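Have the sequence and the 3D view open side by side. We'll take a walk through charged pairs, neighbouring strands and a group of rings.

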Amino acid sequence: RVIIDPELYCGACFHCRIGQTHLCPKGQLLGRDSNGGFAEFLSAPASQVFRLPDSVNDQEAVLIQVLTTCLHAQRLTPIFAGESVAVLGLGVTGQLHAQIAKSRGASPLIGITRSADKREMAEKLGADLTFAGGPESIQKVREATGGRGADVVIDTTGMLPVIADAIEMVRFGGRILSFGIITAKEGALPFYNLYFKEIQVINSRVAKSEDYPACIELVQRGQVKLRPLISNVMPFGELKSAIGMLGSEGGSQRMKIIMEHR
């Protein structure tokens with residue numbers, strides 16, 4: 001039983017030579033740039049294949065690839081034990097970021113989303129506090145951190161209004177991890193505060209192969225729980241229906257749908 005890192009790289013370009021294989025300009029993604037993502041069989045280079053321990057079941061293993069992108073991002077972001085961390089957005093990646101930050105010693109760990117169900121899930125998975133989203137959450141985070149604001153704010157939404165909240169929510173000299181993919185080309189942000197508060201903004205993209213063994217270990221040790229993030233398990237024959245569920249009413253409340261060969 002193995003898991004595959006689907007990101008391929010040339011190994012010879014400038015970025016590959018300095019260890020930034022995930023930024024390889026010739027990089028390709030198995031299942032996107034070549035067929036096979038939903039096939040019964042798929043070939044992959046041995047360098048991209050990682051053995052799974054018996055303690056990690058098949059359904060949970062599927063989510064390890066998503067977990068690697070979160071761990072890669074947090075490896076770019078210092079989080080010291082006892083620092084406060086606020087996670088904006090508690091979908092799958094938000095729940096994973098919260099658990100990783102907790103394993104790194106974040107305290108208090110604060111989750112923020114409008115969804116009551118996702119707030120409840122975050123609390124079960126280790127969040128110390130959760131708040132509903134919106135402008136009032138900024139003041140609540142400040143109150144929970146002695147009036148300073150969070151040491152680290154992780155945005156998983158990629159939405160400009162939420163990023164604006166992150167800038168107001170983080171403390172002076174704090175750090176913002178911009179994880180959500182931002183598709184907007186323009187918009188309003190409190191740019192002056194980026195300067196005035198001396199905020200560090202860290203961005204990340206995908207993951208590296210070295211993140212896979214570390215993530216497998218996090219799951220094996222029980223520091224990150226993946227099973228609660230699976231909302232549906234369906235056979236491959238129902239792939240079209242599963243994709244339709246994501247765009248249906250209530251689709252935004254679903255977590256991960258796992259396709260299983262039966």
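A salt bridge here is a side-chain nitrogen of Lys or Arg within 4 Å of a carboxyl oxygen of Asp or Glu. Side chains of opposite charge can pair when their charged atoms come close. The structure holds nine salt bridges. Before we look at some of them, keep in mind that this is a predicted model, where local features need pLDDT of at least 70, side-chain atom pairs count only at pLDDT 80 or more, and totals for chains, interfaces and linings use all residues. Residues are numbered from 1 along each chain as its sequence is written, and side-chain values use heavy atoms, with hydrogens and water left out.

**Charged pairs**

| Salt bridge | Closest N and O atoms |
|---|---|
| Arginine 75 and aspartate 211 | 2.6 Å |
| Glutamate 83 and arginine 175 | 2.5 Å |
| Lysine 124 and glutamate 120 | 3.5 Å |

Where do these partners sit? Helices (H or I, at least four residues) and strands (E, at least two) are DSSP runs, numbered from the N terminus. Arginine 75 is in helix H3 (residues 64–75) and aspartate 211 in helix H9, 136 residues apart, and their pair links distant parts of the chain. Glutamate 83 lies in the loop between H3 and S5 and arginine 175 in strand S9, so this pair ties together parts that are 92 residues apart in sequence. Lysine 124 and glutamate 120, on the other hand, both lie in helix H5, four residues apart, which is about one turn of the helix.

Are these residues buried or exposed? Buried means under 20% relative accessible area, exposed over 50%, and partly exposed in between (1.4 Å probe, protein chains only). Aspartate 211 is buried because its relative accessibility is 0%, while arginine 75 is partly exposed at 46%. Glutamate 83 is buried at 11%, and so is arginine 175 at 5%. Lysine 124 is exposed, with 66%, and glutamate 120 is partly exposed, with 40%.

**Strands side by side**

Now find strand S6 (residues 109–112). Leu109 and Gly111 point one way from S6, Ile110 and Ile112 point the other way, and all are buried. Two strands pair if DSSP finds at least two bridges between them. Strand S5 (residues 85–88) pairs with S6 in the parallel sense over four bridges, and S6 is joined to strand S7 (residues 129–131), also parallel, by three bridges. What stands opposite glycine 111 in S7? That's threonine 130, while valine 87 stands opposite glycine 111 as well.

**A group of rings**

Rings of Phe, Tyr and Trp (its six-membered ring) pair if their centres lie within 6.5 Å; planes under 30 degrees apart count as stacked, over 60 as edge-to-face and the rest as tilted. A search of the whole structure finds four aromatic pairs. One of them is phenylalanine 172 with phenylalanine 196, edge-to-face at 5.6 Å centre to centre and 75 degrees between the planes. Phenylalanine 172 is in strand S9 (residues 170–178) and phenylalanine 196 in helix H8 (residues 191–196), 24 residues apart. Ring pairs link Phe172, Tyr192, Tyr195 and Phe196 into a cluster.
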